[in-house]
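Hello,

Here is the structure I promised to pass on. My notes follow below it.

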Amino acid sequence: MPPTAMPFTDVVRARRSVRNFLPPLSPSDIRGVLEDAQRAPSNCDTQPWTVHVVSGATRDGLSKEIRKADDEGRFSYDFTFDYADFGEGIHLDRAHHHAATLTQATGLKREDRTARKAAAREGLMFFGAPHVAFLFMPAFGDGVRAAGDIGMYGQNFLLSGRSRVRRRPDDHARLLRRHHP
């Protein structure tokens, strides 16, 4: 375990969806994250994932192309999403709670479509992340097993990355204020 690694329970309980990334991981930390993630279990040890990590000019060029496609109406997500699919109950309640929490944290108002669109475009710029990892899965079978395997890979990836970054407790709030005054 790297000398700066956090205990597992601290990592799991501190995990959040972050929209700002400081400081960047070193190349050796990125290799370590990829090695840790590779240890994820998979059905019949098929390891149905391909990972590409991009940084610098490659990341910037990709972001530019994605934003251009969005401007031209050619961009779409690889999956469909509709709150109606949740039906009534706990899953829809959780989704609404998440939206309210994000709205409160960012100061965005639901009715301000222009500001919401601008915030969504930050995702097309990878929220300023210095490195971006793309996970791809093959199309075989019903896709459920491969998707589950990639979920486990992704969780290992995120937890390993989080274990390698030390932050002050106020960093997240400070960064939100800086990007969403």
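Predicted model: local features only at pLDDT ≥ 70, side-chain atom pairs only at ≥ 80, totals over all residues.

Helix α6 itself covers residues 144–163, 20 residues in total. From first C-alpha to last, α6 reaches 28 Å, close to the 28 Å expected at 1.5 Å a residue. Its buried residues are A146, D149, I150, Y153, G154, F157, L159, S160, G161 and S163. Several of these sit three or four places apart in the list. An α-helix has 3.6 residues a turn, so residues with that spacing point the same way.

Next, the cores. The largest nonpolar core has seven residues: V33, A37, A40, W49, I150, Y153 and F157. Two elements, α2 and α6, each give two or more residues to this core. The biggest share comes from α6, with three residues. A37 shows the link well. Beyond its neighbours within four places in sequence, A37 is in contact with Y153, N156 and F157. Another core, of six residues, lies apart from the largest one; V54, I66, A129 and V132 are among them.

Last, two backbone points to look at. Most residues other than glycine have a negative phi. Q47 has a positive phi, near 45°. Q47 lies in the loop between α2 and β1, and is partly exposed, at 29% relative accessible area. F126 also has a positive phi, near 60°. F126 lies in the loop between α5 (113–124) and β2. F126 is buried, with a relative accessible area of 12%.

Best wishes

Conventions. Residues numbered from 1 in each chain as written. Heavy atoms only, no water. Helix = DSSP H or I, 4+ residues; strand = E, 2+ residues; numbered from the N terminus. Expected span 1.5 Å × (residues − 1). Buried < 20%, exposed > 50% of the residue type's maximum accessible area, 1.4 Å probe, protein only. Core = buried A, V, L, I, M, F, W, Y, C linked by side-chain atoms within 4.5 Å. Contact = heavy atoms within 4.5 Å.
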